[in-house]
Amino acid sequence: GRFCCRGSCRNPVLGAVFFGAGMPQPPPEPAGGPSGRALAKRTKTDKMAKSKNHTAHNQSYKNHRNGIKKQKKQKYSSTKGMDPKFLRNQRYCKKHNKKQA
């Protein structure tokens, strides 16, 4: 049957019975495996393996539709790894600039 949700309801519109918690379970398959009809039904839904895994077709066009823009620069660049003597002096400069304004 067709499913309308995640398998926990009965939908009278679709006319399908869904098996979830507290619902009767479907009968088990016979010990010899599935019957010929069930086997034939299963093979109809099987699909062939895909041969194409990736293509870049049209991606360049789509990227250029809105233009390829440069990444926005941050307001303050990182001072990690800079000379500590320079950073200390810079800190004093910033501190005294605030006093004058």
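Mentor: Start with N58, which is partly exposed, at a relative accessible area of 39%. Partly exposed lies between buried, under 20% relative accessible area, and exposed, over 50%, using a 1.4 Å probe and protein chains only. This is a predicted model, where local features need pLDDT of at least 70, side-chain atom pairs count only at pLDDT 80 or more, and totals for chains, interfaces and linings use all residues. Residues are numbered from 1 along each chain as its sequence is written, and side-chain values use heavy atoms, leaving out hydrogens and water.

N58 sits in the loop between α1 and α2. Its phi is near 75°, a positive value in a residue other than glycine. Most residues other than glycine have a negative phi.

Now the elements on either side of that loop. Helix α1 covers residues 36–45 and has the lowest mean pLDDT among the elements, 58. Helix α2, residues 59–65, has the highest, 96. pLDDT is the predictor's confidence in each residue, from 0 to 100. Helices are DSSP runs of H or I, at least four residues, and strands are runs of E, at least two, numbered from the N terminus.

Move on to the loop between α2 and α3 (84–100), where K69 is found. K69 is exposed, with a relative accessible area of 66%. A polar atom of the K69 side chain lies 2.9 Å from the backbone oxygen of N66.

Step back to the whole chain. The chain holds three helices and zero strands, in the order α-α-α from the N terminus. Buried residues are 6% of its 101 residues. The chain averages a pLDDT of 77, and 58% of the residues score at least 70.

Terms used
A polar contact is a pair of N or O atoms within 3.5 Å; within protein, one must be able to donate a hydrogen and the other to accept it, and residues adjacent in sequence count only if both atoms are side-chain atoms.
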